[in-house]
Amino acid sequence: MSILAGNPEELIRITNLKKSFNVVRRKGLGIEHKKLHAVNDVSFSISASQSFGIVGESGSGKSTLGRLIFGLERPTAGTIHYGGMEVNGLSEDGLHAYWRDIQIVFQDPFSSLNPRMRIGDALSEPLKNFLGMDRHARSVRADELLDLVGLPKRTIKHYPHELSGGQRQRVAIAAALAVNPKIIIADEAVSALDVSVQAQIINLLSDLRRQLGLTYIFVTHDLNLCAYFCDRIAVLYLGQIMEICEADKLLSEPRHPYTQALISAIPSVNTENRRERTILGGEIPSPLDPPTGCPFQPRCPYAIPRCKEQRPRLEETGESHLVACHVVADELNSIKERS
C-alpha cells in the first residue's frame, strides 16, 4: 500500500538538505580531520509524473543527493518530505512502504545484480519480499516485466554475465518496476552504455513514463541528455544548486555563468545555434576546502567582491526560474529600479 498523502501534485519536497562526511587525511607527519560537505543546503520540489534532472560534474554531489532521497544515506540536516510525510521520521514499516513507492537504477547493473542468481530469481525476489506473491504469480509477473522492458522471456533463465550491458540495464529497470513504484531514481543509468544503446534505454524510460505515469529523478553529468529527457533541471556545483528551471528554458536562456559554460561546451552541428565557447579557468575546488561565498566565484568570469564574501541565495528571477548569483540578482534589481 502506498504511503502517498497530502498534495498529489507534489511528490517530493527537499528543504535545506545537507550531507557531510568526516574525512581523515594525512598532513605532513600527522593527520587532520575535515568535513566534506557533499550536499550543502539544497531545496527543491518534484511534481507527479515529472522528469526532474539533477546535473553536475564529478564531485558535485548529485549521486549523494540521489542516495539521500532514496534513503541509502541519512541527511546531516534538512528534510525530505514524500507526500507530506517526512521520510527521516518514518517507522520501519513506513520505510518499507516508502521503498515500494520509490526505486533506484544504478550506473552499473552488473554490480547491482547478483552474478550467481538467474534473472528470473532476481526479478522474483522483490515480488516475494514486498508483495508476498506465490511462486506461480511471481513467474507470471517476471514474464510481464521482461516484456515491459523489451526482453524475450528466455532471458529469465540467463545469468547477468550472459547479457550485454544494455540488456542488463533493462533487467535492472524491470527489477525496479517489479513493486509498481511511483518514482524511479536513475543514477547515471545510461552513462556506461554505448551512445546507440543510451538512446534505446532513454526511449524505453520515456515509453514507461507514458504507460505507467512514472516520475523520474534523472541524475547525470550529461546536460544535453538531461535536457532531452527531463522537464525541469537543477544544476549542481560543489553540493549547491546554481540554477533550476524548465529544461527548454535552461538551454535557451541560461542565467548562471556556470550553466552558460556547461551549455557552451555542448557540441552542435548547427552553426546558427552554436554558442561561443566559455572557457573556465582553474580546477573545481576540493569539497574539503571549498571557497568562501559563492562556490563558483574562483572560476567565474563575472565575479564581484561580494561573491567572495557572501553566499548567494537561490532566488526567483522569472517564472519558475531560480538562480543563485549576486550578479544576476543585481542586474534584475537595476532593471526593476529603472522601470
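Modeller: Let us begin with contact, which means heavy atoms within 4.5 Å. In this predicted model, I119, L123, S124, L127 and K128 of helix α4 meet R138, R141, A142 and L146 of helix α5 in that sense. By class, this contact has 5 nonpolar, 1 polar and 3 charged residues.

Colleague: Why are α4 and α5 called roughly perpendicular to each other?

Modeller: The axes of α4 (residues 119–131) and α5 (residues 135–148) come within 9 Å and cross at roughly 115°. Angles of 65 to 115 degrees count as roughly perpendicular, and the two helices are therefore described in that way. Their crossing is right-handed.

Colleague: What makes L236 count as buried?

Modeller: Buried means under 20% relative accessible area. L236 has 1% relative accessibility, so this residue counts as buried. L236 lies in strand β9 (residues 232–237), and its contacts beyond four places in sequence include I54, V55, L65, I241 and Y258.

Colleague: What is the strand order of the open sheet of 4 strands?

Modeller: The order is β2-β1-β4-β5, with antiparallel pairing.

Colleague: Why is one side of β2 and of β5 left without a neighbour in the sheet?

Modeller: β2 (30–47) and β5 (85–86) stand at the edges and each has a single partner strand, so one side of each has no neighbour there.

Colleague: How do you know that β1 and β4 pair?

Modeller: Pairing requires at least two bridges between the strands. β1 (residues 10–27) and β4 (residues 77–82) are joined over 5 bridges in the antiparallel sense. The bridge partner of K18 in β4 is A77.

Methods: Residues numbered from 1 in each chain as written. Predicted model: local features only at pLDDT ≥ 70, side-chain atom pairs only at ≥ 80, totals over all residues. Heavy atoms only, no water. Buried < 20%, exposed > 50% of the residue type's maximum accessible area, 1.4 Å probe, protein only. Axes fitted to C-alpha atoms, helices over the stretch in contact; angles between N-to-C directions. Parallel < 35°, antiparallel > 145°, perpendicular 65-115°, else oblique. Left-handed = near helix turned anticlockwise from the far one by under 90°. Nonpolar A, V, L, I, M, F, W, Y, C, P; charged D, E, K, R; others polar.
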